[in-house]
Amino acid sequence: MVKVEGLDKLMAEHPFFQGMDEASRKTLSGCARNERFDDGDYIAHEGKAAERFYFIRSGTVALEFHMQGQDGLIIETLHDGDVFGWSWMVPPYEWAYDIRAVGLTRVISLEATCLRKKLKKDNALGFELYSRFVPVMAKRLYSARQQLTDMYGKS
Amino acid sequence: MSTSDSSQVHVSQARVIEATRLDSLVKALRKSGYTTIGPKARDGAVVLEKFSSADELPLGLVDDQQPGAYRLSKAKKPAYFDFTHGAQTWKRYLFPPKEKLWTAQKTAAGFEVQAEVDAPKYAFIGVRACELAAIQIQDKVFVDGEHTATGYKARRDKALIVALNCRRAGGTCFCTSMDTGPKVKDGFDLALTELTTKDSHTFLVEAGSERGEKILARLDGRLATGDDLKAAKKAVNKAAKSMGRDMPKDAAKVLADNLESPRWQEIAKRCLDCANCTMVCPTCFCNTTTDTTSLDGQTSERWRQWDSCFTLDFSYIHGGAIRRDGAQRYRQWMSHKLSTWHDQFGVSGCVGCGRCITWCPVGIDITAEVRAMAPKTK
Amino acid sequence: MSTQPKPDPMTPVPFTIVRRRQELKDTFTVELTPASANRFAFQPGQFNMLYAFGVGEVPISISGDPGNPEKLVHTVRNVGAVTDALSKLKKGAEIGVRGPFGSPWPIVEAEGNDVVIVAGGIGLAPLRPAIEHVLANRSKYGRFVILYGARSPADVLYMKQLQNWRGRLDTYVDVTVDHAGRDWAGNVGVVTRLIGRANFDTHHVKVFICGPELMMRFTIKELSDQGVSKDDIYVSMERNMKCAIGHCGHCQFGGHFICKDGPVFPYARIESLMQVRGM
């Protein structure tokens, strides 16, 4: 079990927190824990309560839509340095996809209730978090739209 | 015109023949094996067709050309060449609307291909300076590049050109601003300038090549005098001074800088996509290849035929046409003709003949459109 | 420049199919042998006009090894009447060939630099000769990166070769698909996402991109965002083609004839044109 000081160091190494002031980061690390998933482990299921915010340190996760009577359809894979699970920010705080680990994956996760409490108390902290997060979402939306064009399909 | 200036290699003296003896030129060419092509009046317009005698030429006709309008009428003074030109150009002979490239025959192993070239020996009579410039431009496209169009080159090498110096500007002409006329510069075998006075009707005939020299020697004309040369110069200058429009000198840059001008949409509201401009333009060279197969599937032919960038499927690739909109197609034609042609071939694609203006059913005038696109241009 | 004597550029020469393989559901590869000469020299990035007797011609990139000119290889996607006719031809049948035409990938200018290949869909076929050339002259280049995106795992072209290239210790290969099922353990996502994870020197690199025009646009944007200069990015463009020798006007893109000024262009030269709708 990694100590809190150790967690703060791990978070500092993750690209998402680059440039964040130490105080804010330390506050957030209070909600953090280091996690590991093995190949095939489901980290989340579509529709279930989204209680954690994830930062991939190493490994790969697949975002899937489950299909009745078929294997799930993978729509994106995320890798080292990526962030996932922002449904905790948006009511009703439920996962939008299944998330499955592909290969051994290590993540830092932040607990949602803890986070929401801290952000309510400290708006500046909220700004730090959201201002880092919006560009990530913008890039992901853009990538998703590129995928939507089905550009390799027969035109 | 003095024979000592210009790029002429040949220094023979110009001669003057009676207009009534014009037919001797036609006969001399036919005797040398040329199929003579020249202007004739048919269906109310001047066309370019095979002819065998000078009395088939449109003597005494003059044209009135305006944007979207063309009329032939009887001239006050009967001359052979006072009309300027019609809808057709010499490209229909050097670069025919339909040309067979090859025939393929099925064999046991697969197939065999036999190329074909149709290259009659043409003599063109009455090639205006703008038209000659246009032929030289098509040479750059079909002969001077990395690849040569075999049929075009064969016909071009054989073709004998009897040019005609205009003494009258047509209603839509602007060759002076394109630096292509009205006087022919080079590349001709013979050049005629029609001279009419109260009591004479003659042609000044100059040779521009060895071939032309030989023909000239067979005509019974007298040597040209200084007065003849002066009269010819005066006549041609009259044409040069009576142009009704001009192309702005910076047309190439204006178009390159205005690819997204709202003016294109404005033009597209008028343009019918009829492709007339591309068919009457003497330099337009777009063409397509089509394959036809015999009913028994044993023989297939490859044909090349005229095409136009105004057709919707001209730019079609899987997925659809690139230029789906009339404005985009019009822009393609005009910016190619007046702008990118320079990058491709080192010269403008336009020779200032004005046909596109005359034969456009809605009278779109490319000189006016260039001005409209850059209002500050003089 | 071809080493063959110059035949009439509009007359196809019959070549015999010596091998044919189905690559994907709608894509096949033919290996042709020249009937007369015994080699067909070409540069990576060039294309031929392939003629199906009685049906017509299509421009198809040459996708074989330029260091092995005894084999003329073409990978063709079945999208229309002519490619459909070609797809039905068996070993021993003849295909008419005119070419090679067009501008090549700048494999000589790229020497001394890292080389990044970004291919999408069938776009891997015109890039394969460049890949073969770099691998055959590996020491002349810096890092070598191959990034490939396809629609789904069933649409990944040259899968075996991608795996072979990946297996080399001196080559980085990453493949992604737009969507997949569970049996795909690789990346899912748009090909541009692979660029940030690849390791190359953005200041000393040449990037060759080939794929649908939309994919090339996205890729160029990502590369530019990552600091790659427009002068170091090369794309292979496509337009309607009939003659392939600059005589018919169909393939014009602005003032460029795709058949002779392209299909390979440095992006810097065509950047402004790519942004104009309906160019």
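This report describes the contacts that chain C makes with chains A and B, the two domains of chain C, and one disulfide in chain A.

## Basis of the model

The model is predicted: local features need pLDDT of at least 70 and side-chain atom pairs count only at pLDDT 80 or more, while totals for chains, interfaces and linings use all residues. Residues are numbered from 1 along each chain as its sequence is written, chains are lettered from A and ligands numbered from 1 in the order in which they are written, and side-chain values use heavy atoms, with hydrogens and water left out.

## Chain C and chain B

In this interface, 39 residues of chain C are in contact with 47 residues of chain B, where contact means heavy atoms within 4.5 Å. The two chains bury about 3,500 Å² between them, and 55% of this is on carbon and sulfur atoms. Buried area is the accessible area (1.4 Å probe) that two parts lose on being put together, summed over both. On the chain C side, the residues that lose the most area to chain B are C:F53, C:H247 and C:H250, which together account for 20% of what that side buries.

Chain C and chain B share one salt bridge, defined as a side-chain nitrogen of Lys or Arg within 4 Å of a carboxyl oxygen of Asp or Glu. The partners are B:R302 and C:E57, with their closest N and O atoms 3.1 Å apart.

Strands β4 (56-61) and β6 (94-101) of chain C each supply at least two residues of the side that touches chain B. β6(C) gives the most, with five residues. Strands (E, at least two residues) and helices (H or I, at least four residues) are DSSP runs, numbered from the N terminus. By class, this side of chain C has 15 nonpolar, 15 polar and nine charged residues. Here Ala, Val, Leu, Ile, Met, Phe, Trp, Tyr, Cys and Pro count as nonpolar, Asp, Glu, Lys and Arg as charged, and the others, Gly among them, as polar.

## Chain C and chain A

Chain C brings 30 residues to its contact with chain A, and chain A brings 26 residues. The area buried between these chains is about 2,400 Å², with carbon and sulfur atoms giving 53%. In chain C, the residues that lose the most area to chain A are C:R182, C:V188 and C:R193, together 28% of what that side buries.

Four salt bridges are counted between chain C and chain A. One of them joins the side chains of C:E222 and A:K139, at 3.1 Å from N to O. β8 (144-150), β10 (187-188) and α4 (213-225) of chain C each supply at least two residues of the side that touches chain A. Of the elements, α4(C) gives the most to that side, with five residues. The class counts for the chain C side are eleven nonpolar, ten polar and nine charged residues.

## The two domains of chain C

Chain C is divided into domain 1 (13-101) and domain 2 (114-236), with bounds that come from an automatic or database domain assignment. Their C-alpha centres lie 24 Å apart. In chain C, 16 residues of domain 1 are in contact with 13 residues of domain 2. The two domains bury about 1,000 Å² between them, 64% of it on carbon and sulfur atoms. C:L24, C:S63 and C:T75 lose the most area on the domain 1 side, together 38% of what that side buries.

Between the domains, the salt bridge count is zero, and two residue pairs are in polar contact, both residues at pLDDT 80 or more. The elements that give two or more residues to the domain 1 side are β1 (13-24), β2 (27-34) and β5 (72-77) of chain C. β5(C) gives the most, with three residues.

## The disulfide in chain A

Over all chains, one disulfide is counted, the rule being a pair of cysteine sulfur atoms within 2.5 Å. A:C31 and A:C114 form this disulfide, with their sulfur atoms 1.8 Å apart. A:C31 lies in the loop between α2 (22-29) and β1 (32-37) of chain A and A:C114 in helix α3 (residues 112-121) of chain A, so the pair ties together parts that are 83 residues apart in sequence. The torsion about the S-S bond is about -75°, so the disulfide is left-handed.

Technical notes: A polar contact is a pair of N or O atoms within 3.5 Å; within protein, one must be able to donate a hydrogen and the other to accept it, and residues adjacent in sequence count only if both atoms are side-chain atoms.
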